[in-house]
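Visitor: I would like to learn how to read a helix against the fold around it. Please take me through one case.

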Amino acid sequence: MTDNGAPMPEPYKIKVVEPIAATTREERQAILEAAGYNVFGIPAEKVFVDLLTDSGTSAMSDRQWSGIMMGDEAYACSRNFYRLTETVQRLFGFKHILPTHQGRAAEHILFATIAHSDSQIPSNTHFDTTRANIEHIGATAVDFMIPEGTDPETYHPFKGNIDLERVEEFIKEVGPEVIPICMLTVTNNAGGGQPVSMENIRSLKELLRPHNIPLFIDACRFAENAYFIKEREAGYGTHTIPEIVREMFSYADGCTISTKKDGLVNIGGFIATNIDDLAEAMRNLLILYEGFPTYGGLAGRDLEAMAIGLEEAVDERHLAYRVAQVRMFGEKLAGVGVPVLQPIGGHAVYIDVKRFLPHIPQSKFPGQALTTALYIEGGIRAVELGTVAFTKVDPETGETVYPLLELVRLAVPRRVYTQAHLDYVVQVFAEIVKRKDELRGLRMTYEAPFLRHFTARFEPI
Ligand SMILES: *Cc1c(COP(=O)(O)O)cnc(C)c1O
């Protein structure tokens with residue numbers, strides 16, 4: 001809302017435009033067939049509204065683009081590194097900043113430094129690259145989401161919270177010596193972009209403190225999380241977003257971040273911490289894998305764009321619009337009869353496909369069927385997070401285990417699409433709703449040995 005009561009339009013105006021091509025239904029049909037009915041294989045130029053991910057897809061501002069021209073490409077100690085360091089210290093309060101080329105590189109450096117094959121790393125929910133980096137070392141990643149977090153239909157203001165009781169039991173069970181850190185993902189991406197409360201972060205720190213277990217935050221969507229705290233948590237309504245961010249991170253000993261999300265850049269990330277000897281050890285690995293510690297796999301210009309992006313990320317009007325845009329999109333979809341995950345999270349709307357297409361069994365990939373229908377009907381690209389992405393084979397019985405939730409995610413890139421684009425998507429859904437009982441499942445014709453969702457091929461049944 002604006003102060004005159006009118007709904008808030010985009011809080012920016014457009015200076016550069018990128019045309020998007022139109023395709024015909026016949027073209028889309030042929031493109032989809034050539035891509036093996038997997039939207040990952042569709043050329044981006046043939047997509048009309050691309051909601052595949054919010055990662056690295058943000059539009060940079062005029063200030064960021066002018067920052068690009070201010071890149072100091074000195075190998076060591078470029079001006080932009082100091083600007084980034086100053087910004088991160090001011091926003092997050094951490095002493096040491098190690099730039100990396102993206103989030104998973106930060107995770108790699110962190111876990112290669114602190115974890116061993118017998119380590120146990122608890123979290124609310126590890127993001128898949130975090131889990132993969134932990135498991136790659138032979139260590140164990142454990143998720144302790146609150147029970148409300150797994151129910152798609154009930155409302156809870158902070159469904160991303162970690163279950164403190166289960167963490168406490170876990171520490172007793174395995175012993176604090178095998179837990180090098182505890183991780184907290186804000187907002188909880190794998191759990192539907194749901195926020196974590198300040199109370200939960202503070203209590204987690206209190207729980208870990210007597211055991212000397214450092215708390216690290218996976219901070220990819222730190223600004224959206226701060227906005228939800230302001231909006232929903234008692235006592236924070238009058239705080240500024242930078243004040244909330246500062247308090248959130250005051251309970252942490254460090255963070256890893258992909259700035260391709262809230263950081264509003266197309267590439268970048270960092271690790272930050274207050275632990276001196278850990279920073280020293282990680283800097284040595286950074287040189288080995290990413291580059292000299294003042295650029296860490298990025299160009300000077302990228303560091304500048306990142307420093308500016310982080311400041312823009314905590315702008316309250318930007319966040320108010322962002323969160324309202326995603327929420328309104330979700331509510332309009334619900335309004336035309338699409339079952340969406342509740343409450344609507346920060347960066348995406350998730351569709352509950354089991355409720356939407358109950359006539360297609362999981363063995364026939366209903367989520368994938370919906371992503372193909374969205375492309376054919378409207379040139380829209382979404383991502384399946386269901387049977388294709390998460391089916392497991394029980395190692396003992398050899399039985400196929402389907403995931404509990406069959407979801408399709410519509411991620412909204414930051415500052416890229418206008419309200420009219422999202423209304424268009426709602427219209428396309430309204431058409432699909434009318435004929436949803438005619439949608440058919442798919443048969444898989446090729447799958448890779450791991451991460452099959454990226455390259456799997458299908459044919460319609
Ligand atoms: C995207 C993401 C990462 C990984 O970052 P990349 O830049 O894609 O390597 C880690 N954690 C969360 C929560 C994310 O959303």
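Visitor: How many helices and strands does the chain have?

Guide: The chain has 16 helices and 16 strands. Both are DSSP runs, numbered from the N terminus: helices are H or I with at least four residues, strands are E with at least two. This is a predicted model, in which local features need pLDDT of at least 70, side-chain atom pairs count only at pLDDT 80 or more, and totals for chains, interfaces and linings use all residues. Residues are numbered from 1 along each chain as its sequence is written, and side-chain values use heavy atoms, without hydrogens and water.

Visitor: What share of the residues counts as buried?

Guide: Buried means under 20% relative accessible area, exposed over 50%, partly exposed in between (1.4 Å probe, protein chains only). Here 57% of the 461 residues are buried.

Visitor: Now helix H10. What is its span?

Guide: The expected span is 1.5 Å times one less than the number of residues. H10 (residues 276-289) has 14 residues and reaches 20 Å from first C-alpha to last, close to the 20 Å expected.

Visitor: Which residues of H10 are buried?

Guide: Leu278, Ala279, Met282, Leu285 and Leu286. They lie on the same side of H10 because their arc around the axis is only 125°, taken from the directions from the helix axis to the C-beta atoms. On the other side, Asp277 and Leu288 are exposed.

Visitor: What covers the buried residues of H10?

Guide: The cover includes strands E2 (96-100), E6 (215-218) and E8 (269-273), and helix H4 (103-114).

Visitor: What follows H10?

Guide: Gly291 follows, with a positive phi near 150°.

Conventions
Contact = heavy atoms within 4.5 Å.
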